[in-house]
Amino acid sequence: MDSDSGNKQAYLGLSDLIAWVRSYWLQILVPMLVGGLLGVAYASLATPQYRVETLLAPRESSPPGMGLGQLGTQLGALGLGSMFSQPGSNQADVSVAILRSRKFLGDFIVKHDLLPKLFAGRWDEGRSAWKDDGGPPPSTNDAYRKIRQNHLLVTRDELTGLVTVAFEWKDPDEAHAWLVAIIDDLNEGVRQRERENAARSLQFLREELQRTDVVVIQQALHQLSLNELQKLTLANVRDDFAFQVIDPPSLPDEDDPVWPKPLLMVLGGLFLGLFVGLAAAALRTAWQASAPRG
């Protein structure tokens with residue numbers, strides 16, 4: 001008896017729901033159609049965004065040879081153990097950190113004059129000046145934050161160490177050119193820094209060699225000098241110093257933007273319209289139920 005009553009209540013509940021939807025079908029359908037049309041309009045009018053990607057393999061700049069840790073005891077006699085006995089930071093981690101850094105990207109923005117491009121809505125092309133909109137002109141820091149948040153994506157596979165760098169922009173040709181320039185500037189910057197560090201180290205080691213007559217210390221300093229000379233040679237001959245390009249960036253197809261996705265926009269509009277229509281119908285039902293009957 002109780003089972004039949006429960007089934008009857010469930011059946012009546014489903015019937016009531018179907019009847020309620022039929023009563024308010026127009027109020028539910030109209031917001032759905034409006035939402036779908038808005039999705040179509042957005043997908044048609046929104047500025048397409050294209051993604052250009054490249055796959056990179058970080059390079060290690062330290063050449064094979066005698067480890068610095070092995071020289072700590074010998075260099076301790078000169079008071080240089082603390083300077084050379086500790087291994088340096090991983091070059092791959094340093095290169096990725098530089099790529100994401102405010103300094104590198106800020107210099108890149110200034111070098112390639114990207115502020116007018118990144119803030120095109122505030123730039124007066126005719127006067128080659130910022131529009132007088134009551135606010136200060138965009139700064140390099142503003143551009144850095146915009147690139148990091150909206151345009152440049154850097155991910156590293158912890159298992160393989162490979163780095164994927166992507167740039168999203170409304171113009172696929174510009175996105176491709178900027179991504180290529182970013183990798184080139186990074187390689188050149190890291191190479192120049194390594195070249196300068198190796199040259200300073202060589203100068204320092206040569207001066208220390210002139211100050212000591214201890215054969216063991218001289219041998220240690222000669223070994224360090226050889227390592228630094230190898231680094232300097234590597235920096236002078238290798239263009240892709242920080243990253244080796246495994247998969248070079250290629251131009252995306254104009255009919256394949258990463259955003260917007262028309263189908264996603266239409267479905268999102270339909271579901272949003274359905275939610276609005278159901279909510280409006282539910283509120284109207286609740287209002288009618290609570291209204292005093294004459």
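Axes are lines fitted to C-alpha atoms, for helices over the stretch in contact, and the angle between two axes runs from 0 to 180 degrees between N-to-C directions. The exercises below use a predicted model.

**Exercise 1. Describe how helices α5 and α6 pack against each other.**

Solution. 
Step 1. Two packed helices are described by the angle between their axes and the distance between the axes.
Step 2. For α5 and α6, the axes come within 5 Å and cross at roughly 50°.
Step 3. Angles under 35 degrees count as roughly parallel and 65 to 115 as roughly perpendicular. The pair α5 and α6 is therefore oblique.
Step 4. On the α5 side, the contact is made by I98, L99 and R100, and on the α6 side by R102, F104 and L105.
Step 5. Sorted by type, the residues of this contact give four nonpolar, no polar and two charged.

**Exercise 2. Describe the crossing of helix α6 (residues 102–111) with helix α9 (residues 172–211).**

Solution. 
Step 1. The axes of α6 and α9 come within 11 Å, and they cross at roughly 120°.
Step 2. This angle makes α6 oblique to α9.
Step 3. The crossing of α6 past α9 is right-handed.
Step 4. The contact of α6 with α9 contains six nonpolar residues, no polar ones and two charged ones.

**Exercise 3. Which residues of α6 are buried, and which elements do they pack against?**

Solution. 
Step 1. A residue counts as buried under 20% relative accessible area.
Step 2. In α6, this applies to F104, L105, G106, F108 and I109.
Step 3. An α-helix has 3.6 residues a turn, so residues three or four places apart point the same way.
Step 4. The buried residues of α6 pack against α5, α7 (115–118), α8, β4 and α9.
Step 5. After α6 comes D113, which has a positive phi near 50°.

**Exercise 4. What is the strand order of the open sheet, and which strands stand at its edges?**

Solution. 
Step 1. Begin with the pairs. Strand β1 (residues 50–58) pairs with strand β5 (residues 163–169) in the antiparallel sense over seven bridges.
Step 2. V154 stands opposite V165 in β5.
Step 3. Put together, the four strands have the order β4-β5-β1-β6.
Step 4. β4 (152–156) and β6 each have a single partner strand, so they stand at the edges, with one side of each left without a neighbour in the sheet.
Step 5. On average, neighbouring strands of this sheet are turned by 30° against each other, direction ignored.

**Exercise 5. Is A120 buried, partly exposed or exposed?**

Solution. 
Step 1. A120 lies in the loop between α7 and β2 (123–124).
Step 2. The relative accessibility of A120 is 37%, so A120 counts as partly exposed.

How values were computed. Residues numbered from 1 in each chain as written. Predicted model: local features only at pLDDT ≥ 70, side-chain atom pairs only at ≥ 80, totals over all residues. Heavy atoms only, no water. Helix = DSSP H or I, 4+ residues; strand = E, 2+ residues; numbered from the N terminus. Parallel < 35°, antiparallel > 145°, perpendicular 65-115°, else oblique. Left-handed = near helix turned anticlockwise from the far one by under 90°. Nonpolar A, V, L, I, M, F, W, Y, C, P; charged D, E, K, R; others polar. Pairing = 2+ DSSP bridges. Buried < 20%, exposed > 50% of the residue type's maximum accessible area, 1.4 Å probe, protein only. Contact = heavy atoms within 4.5 Å.
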